[in-house]
Amino acid sequence: MNPHVFIFDTTLRDGEQSPGCSMTVPEKVRMARKLVELGADILEAGFPIASEGDYESVLAVSREFPEARVAALARAVPKDIERAARALEPAKKPRIHTFIATSDIHLKHKLRKTRDQVLEEAVKAVEQARQYTDDVEFSAEDATRTDSDFLEAISVATVEAGATTVNLPDTVGFTVPREYAAIIGRIAKRLNGNAIVSVHCHNDLGLAVANSIAAVEAGARQVECTINGIGERAGNCALEEIVMIMKVREEIMPFRTSINAEHLFPASQLLSEIITFGPQPNKAIVGSNAFAHEAGIHQDGYLKERSTYEIMDPRSVGVPDSKLVLGKHSGRHALQERAHSFGFNPTREQLDMLYEKFTTMADRKKGVTNEEILDLLQRELSPAASLAD
Ligand code: KIV
Ligand code: ZN
């Protein structure tokens with residue numbers, strides 16, 4: 001059987017902490033219900049020390065979904081860990097996710113600490129977290145700009161202290177696939193199965209998904225991601241994309257996830273309803289154009305055999321169906337299909353005449369609506385041409 005890649009959803013934490021994405025406690029619970037249905041392995045529900053609302057939302061998600069693996073974020077400081085543990089009390093499978101920055105840039109300018117101090121605090125944080133749960137994740141913030149020997153040392157030390165997952169985030173979206181694969185491969189080899197290696201990629205250079213995929217190939221077995229790719233700045237690795245890459249290209253990406261893909265689009269829709277924006281139209285998997293065809297050659301191929309221009313069935317990700325968009329690039333075949341769907345059966349000559357009028361209309365606009373097509377058909381075709389009777 002293909003190795004399992006754990007999907008760690010951080011829509012409710014990293015996603016929520018970005019502009020326009022804040023959620024109330026009931027909204028987080030509503031979204032969490034969808035994520036449970038989707039089959040996410042771990043739900044990171046918040047950062048309890050950050051605010052009362054975050055504390056309440058971790059508590060509420062833990063209460064509402066006691067069977068789910070719920071994670072809470074905590075800096076590597078005692079009061080954060082205590083607060084996270086308290087918020088997770090109702091959860092049957094609580095995970096404390098503790099982090100500290102490890103790159104020299106962060107050590108020098110943000111923490112003003114030495115590597116030795118950071119290593120000691122990380123170890124202490126993991127030991128403290130283990131007093132509350134046996135599921136502890138340690139994150140080396142800014143791992144991709146961290147000295148590689150120090151990254152290895154802190155990964156080994158935190159696992160010896162009891163961390164069961166070591167996350168190596170590309171916090172600032174700086175790395176590229178080849179480089180990230182080397183970082184992940186080295187740590188995975190060194191940890192030798194004693195902890196799960198996790199990845200958490202930001203999208204500042206548009207590489208979050210590509211970097212996560214490269215990391216999985218190099219030995220990572222947990223991917224941290226969000227619905228619609230929301231998250232700090234340019235966002236996080238998009239859950240729907242990473243999951244569908246492993247599904248659609250299973251022959252070269254032989255991994256499995258627990259995600260029920262038909263819930264991907266509904267999850268994306270629900271998130272868009274809750275926060276202040278949806279995915280851009282051309283967003284892979286869940287954008288409104290992801291299964292829309294406008295070019296005549298594409299529409300003709302698609303109408304003859306869907307697989308000519310579709311690599312996945314829209315219904316497999318919960319999108320009701322593909323869309324043939326009638327615009328200035330569309331061909332006769334698509335117009336004929338649309339006429340049939342409205343109950344009209346134009347002759348060849350009628351179709352030529354309709355097509356000419358349609359292209360004149362489409363040239364003037366960005367797209368032609370169904371109402372306008374219907375109006376054209378009703379105006380131009382005699383009742384005898386109708387199939388409606
Ligand atoms: O981007 C990051 O480094 C994070 C950590 C807290 C995991 O979000
Ligand atoms: Zn992050």
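This is a predicted model: local features need pLDDT of at least 70, side-chain atom pairs count only at pLDDT 80 or more; totals for chains, interfaces and linings use all residues.
Begin with the whole chain. Along the principal axes, its C-alpha atoms fill a box of roughly 85 × 40 × 40 Å. The chain contains 15 helices and 10 strands. Of its 389 residues, 53% are buried. Contacts can also be sorted by how far apart the partners sit in the sequence. Among the contacts with a separation of 6 or more, 72% are between residues 24 or more positions apart.

The chain is divided into two domains: domain 1 covers residues 6-274, and domain 2 covers residues 292-385. Their C-alpha centres lie 45 Å apart. The two domains do touch, with 7 residues of domain 1 in contact with 8 residues of domain 2.

Next, consider the interior. In soluble globular proteins, nonpolar side chains tend to be buried together. In this model the largest nonpolar core has 97 residues, and the members that touch the most others are Met-31, Leu-168 and Leu-239. Helix 7, residues 148-161, gives the most to this core, contributing 7 residues. Both domains take part, since at least three residues of the core come from each of domain 1 and domain 2.

Setting aside neighbours within four places in sequence, Met-31 is in contact with Leu-12, Ile-227, Ala-267, Leu-270, Leu-271 and Ile-274. There is also a second, separate core, made of 18 residues, including Leu-335, Met-361, Ile-373 and Leu-376.

The residues around ligand 1 include Asp-14, His-200 and His-202, along with Arg-13, His-97, Phe-99, Ser-139, Glu-141, Asn-167, Pro-169 and Thr-171. Some of these residues place polar side-chain atoms by oxygen atoms of the ligand. For Thr-171, a side-chain N or O atom is 2.7 Å from an oxygen atom of ligand 1. For His-202, the distance from a side-chain N or O atom to an oxygen atom of ligand 1 is 3.0 Å. For His-200, a polar side-chain atom lies 3.1 Å from an oxygen atom of ligand 1.

Methods:
Residues are numbered from 1 along each chain as its sequence is written. Chains are lettered from A and ligands numbered from 1 in the order in which they are written. Side-chain values use heavy atoms; hydrogens and water are left out. A nonpolar core is a set of buried Ala, Val, Leu, Ile, Met, Phe, Trp, Tyr and Cys residues joined through side-chain atoms within 4.5 Å. Buried means under 20% relative accessible area, exposed over 50%, partly exposed in between (1.4 Å probe, protein chains only). Helices (H or I, at least four residues) and strands (E, at least two) are DSSP runs, numbered from the N terminus. Domain bounds come from an automatic or database domain assignment. Contact means heavy atoms within 4.5 Å. A residue is near a molecule or strand if one of its heavy atoms lies within 4 Å of it. A polar contact is a pair of N or O atoms within 3.5 Å; within protein, one must be able to donate a hydrogen and the other to accept it, and residues adjacent in sequence count only if both atoms are side-chain atoms.
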